[in-house]
Amino acid sequence: MPVPRGVPKNIKTIPPERAPMPHQPPEVRAHNFEEVALGLDLEGALHEAERCLRCKKPRCIPGCPVGIDIPGFIAAIQQKDIKRSYQILKSTNALPAVCGRVCPQESQCEATCVVGAKFKPVAIGRLERFVADCAMGRGWDEFPQADSAVQKKAAIVGSGPAGLACAGELARNGVKVTVFEALHVAGGVLKYGIPEFRLPDVIIDAEIENLKKMGVEIRLDTIIGKLFTIPQLVTEMGYDTAFVGTGAGSPKFAEIPGEAFNGVFSANEFLTRVNLMRGYRQPLYDTPVGMGKRVAVVGAGNTAMDAARVSLRMGAESVTVVYRRTRRESPARIEELEHAIEEGIQFMWLTAPVEILGDASGWVTGMRCQKMELGEPDSSGRRRPVPVEGSEFLIDVDTVIYALGTTANPIIKQTTPGLVVNKWGYIQVEEGTGMTSIPGLFAGGDIVTGAATVILAMGAGKRAAKGILEYMGNNAGRNACATLEPVGSN
């Protein structure tokens, strides 16, 4: 087979096949919450690193939202200098162990890898995870201490991926950072939204601990907009600037009859009960999950896959994903979709719910569905699902979990005068800096873009940190958010 045009000729010398990633067998993992993918060993990592061509003009770096020096960290693996590889990763990515597990590399850095023109692309995400896992507990992180006499102070609202990335970048540059988190643990969607078998708590906790060692303070159980507001943060409490990374946590429903029955959940609520409240450790943790034995999950994104696979592990006898388009249009990562199929999750493609049925006691007993067919493309570029007349049918379920995305929580807008949001309630920012309509107030992640990926939120947090540093430098000697006034002031 000839080498495609524009691909280095030395591609002929690399191993054509990827190093295999070991996994728990489907019949075993479907009944436990231990991590599914077990990670590469050194031999596998060296094999995969040899597949990197170390291009002079790498296409993979522009494909990474946080701009990791991908050829650089892989070259260090080739040289068996794993510590150096980790330091290269950490210089641009605050959470490499997280990103190596949950980022959609197949549609980002790996999608632009030139090796993919002839073979499967280099498994960049697996190598990132390998290096980050090797670093765990070895003391390889560096924690620069800022000069407290000249330190600026920044408040970060939300400890999800955007907030943590912003906090890490600011702390690295000498800013005194305080992160305010509404929940009782830090991590945001990383903690409450992603199951243990995909992203273990110990990984998140270790990454957060590293941020604390950099001087980042994290205050839990603190709802900004309720206990105090952003205007109060930057006036009464003395912060020079603030970043809003609260995510988009208000769930969407289909607005069909029967959604008020017991047994209807949003995926956010369900996953929070299981993940964050340790519902999966019953009876040790007496968390009311409320799930029945016959579960339908509506939607086919990553959150839908998580909800379906968690339901199976929580003891559901049958789990069915209902999606109004085909498998080809599913927004879930290919790996997560394949894992769900391997574990026995059933799929009803080209199917939409039209009514949820219940009994006299108020509990779900079934769901009425309708077959769909694909018509012309809609605004998303995907073909619009169109109902097939006379195709309604019933499925026997006692639990319905909606995974149709999320919307913006309005609390920040309601308590921050002058903050401009769009018609969906998401905060409007300058694209390059992340600055909002209020000078010195920044935002990023899902509260700006709507529900997206972990790595895109982290990229937004990094860009905002850069914008914050530039703004602080240009406004030395005065409060960056001096235009803000507390709510209710005259």
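**Exercise 1. Helix α11 against helix α12**

Determine which handedness the crossing of α11 and α12 has, and describe the contact.

*Solution.* Helix α11 passes α12 in a left-handed crossing; a crossing is left-handed if the near helix is turned anticlockwise from the far one by less than a right angle, and right-handed if clockwise. The model is predicted: local features require pLDDT of at least 70 and side-chain atom pairs pLDDT 80 or more, whereas totals for chains, interfaces and linings use all residues. Residues are numbered from 1 along each chain as its sequence is written, and side-chain values use heavy atoms, with hydrogens and water left out.

Step 1. The axes of α11 (residues 267–276) and α12 (residues 302–313) come within 10 Å and cross at roughly 45°. Axes are lines fitted to C-alpha atoms, for helices over the stretch in contact, and angles run from 0 to 180 degrees between N-to-C directions. Helices (H or I, at least four residues) and strands (E, at least two) are DSSP runs, numbered from the N terminus.

Step 2. The two helices α11 and α12 are therefore oblique to each other. Angles under 35 degrees count as roughly parallel, over 145 as roughly antiparallel, 65 to 115 as roughly perpendicular and the rest as oblique.

Step 3. On α11 the contact (heavy atoms within 4.5 Å) is made by A267, F270, L271 and V274, and on α12 by T303, D306, A307, V310 and S311. These residues of the contact of α11 with α12 divide into six nonpolar, two polar and one charged. Ala, Val, Leu, Ile, Met, Phe, Trp, Tyr, Cys and Pro count as nonpolar, Asp, Glu, Lys and Arg as charged, and the others, Gly among them, as polar.

**Exercise 2. Helix α2 against helix α3**

State at what angle the axes of α2 and α3 cross, and locate Q78 in the contact.

*Solution.* Step 1. The axes of α2 (residues 42–49) and α3 (residues 70–78) come within 9 Å and cross at roughly 125°. That angle makes α2 oblique to α3, and α2 passes α3 in a left-handed crossing.

Step 1. The contact is made by A45, L46 and A49 of α2, together with I74, I77 and Q78 of α3. Five of its residues are nonpolar, one is polar and none is charged.

Step 2. A polar atom of the Q78 side chain lies 2.6 Å from the backbone oxygen of A49. Apart from neighbours within four places in sequence, Q78 is in contact with L46, A49, E50, C52 and R54.

How values were computed
A polar contact is a pair of N or O atoms within 3.5 Å; within protein, one must be able to donate a hydrogen and the other to accept it, and residues adjacent in sequence count only if both atoms are side-chain atoms.
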